[in-house]
Amino acid sequence: MPGPRAWSGRAGEREERSAADGTGRPVSDAAFFVDSWDPAYGASFEASAAGPAAPSSAQVDADVELPAVDWRAIGVRPGVRAPDVVLLVDGVRRIDASIWTAETDGVSFPGLAASYAAGVVRCDLGRGAAQLAGTRVGRGLFTASPSAQDVVAGAIRYPVHRVGGTGELAKLPAAVQGPLTALEVAVSDAARVDGDLLVVDGPLRSRRQLPRTLGYIKTQHSQYLDARLTAVVTGMASGERSPVFRLGTAWGGWSWYLRLPVAIGAPWAGIVRVECSADLPVEAAIELADLSLVTLPRFASTPYKDPRAPQNLIPIAGLERRLRALLGDSRLLHRALTAAARAAR
């Protein structure tokens, strides 16, 4: 009976080969690694049709902190200490129901009834204590329908958020991000104190005007650097960062990579990308990069506690659980929305 088929690591060619060499060891032409994340959450470094993390078309200026020819991993600099207070903000969203409108002219528009919540955790590093500093919940009916009105489902109201264009169903989930970001800004503004550091879970987007604020990107979708500079990033040890570089994208700004505490494994294991506002002078961006290196590793999660370790920071994981609970029971909300639609007809 022929042996099982395996994929060769060279040139991507498929070959038939024995599953073992007689010693019980798998036969392979290339090393492979197992991503530390639970597969249910995707991967920490996402693949695409063009290969692992297709190169981005964004313009990159790598000659910022160091000339590109001198790029090297940077460790903790003497005299840099973490801030006394770190605020970590995150938001969650959920689609409670998909809807369709019936206009008087016979046209129909899709819509989404969505719930979303934002919260902030205040970490006092001096006392070694963390507490929930604030949460807010919002809901909305997102549609391009010109006749849609607020929907009241039991005791819950879904205000209309009218979207532009034709309002295709596939594009509606992205419309929830704007109100969610506004909620994150509001909840974090209410918790800020002098000298703190605010860490946003995800890209900064429209929050670039906030002072002393970092965007924390767990999953790497694009490869911004060329092969030589990427090798510097994947060669970093735990507790090291890359030099600061500048991204020339629509939401571009100062950025750098950082490796959290992690066992040696896959090239991108434990690596996150951090960003700050492009409006800052380069000296301030480098100062924030140094600050991130003495701050973020403190919050790294461990594999036996978190399926997205170490990138899913411990305070963020707890905050996500709390926020999802605040959204309410999705089955009850769907039932209430169904009843409200039936009553409207």
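**Figure 1. Strand β15 in the predicted model, a strand largely enclosed by the rest of the structure.** In this predicted model, strand β15 spans residues 254-259, and six of its six residues are buried, so the strand is largely enclosed by the rest of the structure. Burial extends to both faces of β15: Trp-254, Trp-256 and Leu-258 are buried on one side, while Ser-255, Tyr-257 and Arg-259 are buried on the other.

**Figure 2. The strand partners of β15, namely β14 and β16.** Strand β14, which covers residues 245-247, pairs with β15 in the antiparallel sense over two bridges, and within this pairing Arg-246 has Trp-254 of β15 as its bridge partner. Strand β16, made up of residues 271-276, also pairs with β15 in the antiparallel sense, here over six bridges. Tyr-257, one of the buried residues of β15, stands opposite Arg-273 in β16.

**Figure 3. The salt bridge between Glu-275 and Arg-273.** The closest N and O atoms of Glu-275 and Arg-273 are 3.2 Å apart, and the two residues form a salt bridge. Both Glu-275 and Arg-273 are buried. Arg-273 is also the residue of β16 that stands opposite Tyr-257, a residue of β15 that is itself buried.

Figure 4. The side chains of Asp-290 and Arg-77 meet in a salt bridge with an N to O distance of 2.9 Å. Asp-290 counts as buried, with a relative accessibility of 11%, whereas Arg-77 is partly exposed, its relative accessible area being 33%.

**Figure 5. The salt bridge between Asp-124 and Arg-127, a buried residue and an exposed one.** Asp-124 forms a salt bridge with Arg-127, and their closest N and O atoms are 3.1 Å apart. Asp-124 has a relative accessibility of 14% and counts as buried, while Arg-127, at 58% relative accessibility, counts as exposed.

**Figure 6. A salt-bridge network that includes Asp-290 and Arg-77.** Salt bridges that share partners join Glu-65, Arg-77, Arg-241 and Asp-290 into one network. Among its members are the side chains of Asp-290 and Arg-77, which meet at 2.9 Å, N to O. For the model as a whole, the count comes to 17 salt bridges.

Definitions and conventions:
Residues numbered from 1 in each chain as written. Predicted model: local features only at pLDDT ≥ 70, side-chain atom pairs only at ≥ 80, totals over all residues. Heavy atoms only, no water. Salt bridge = Lys/Arg side-chain N within 4 Å of Asp/Glu carboxyl O. Buried < 20%, exposed > 50% of the residue type's maximum accessible area, 1.4 Å probe, protein only. Helix = DSSP H or I, 4+ residues; strand = E, 2+ residues; numbered from the N terminus. Pairing = 2+ DSSP bridges.
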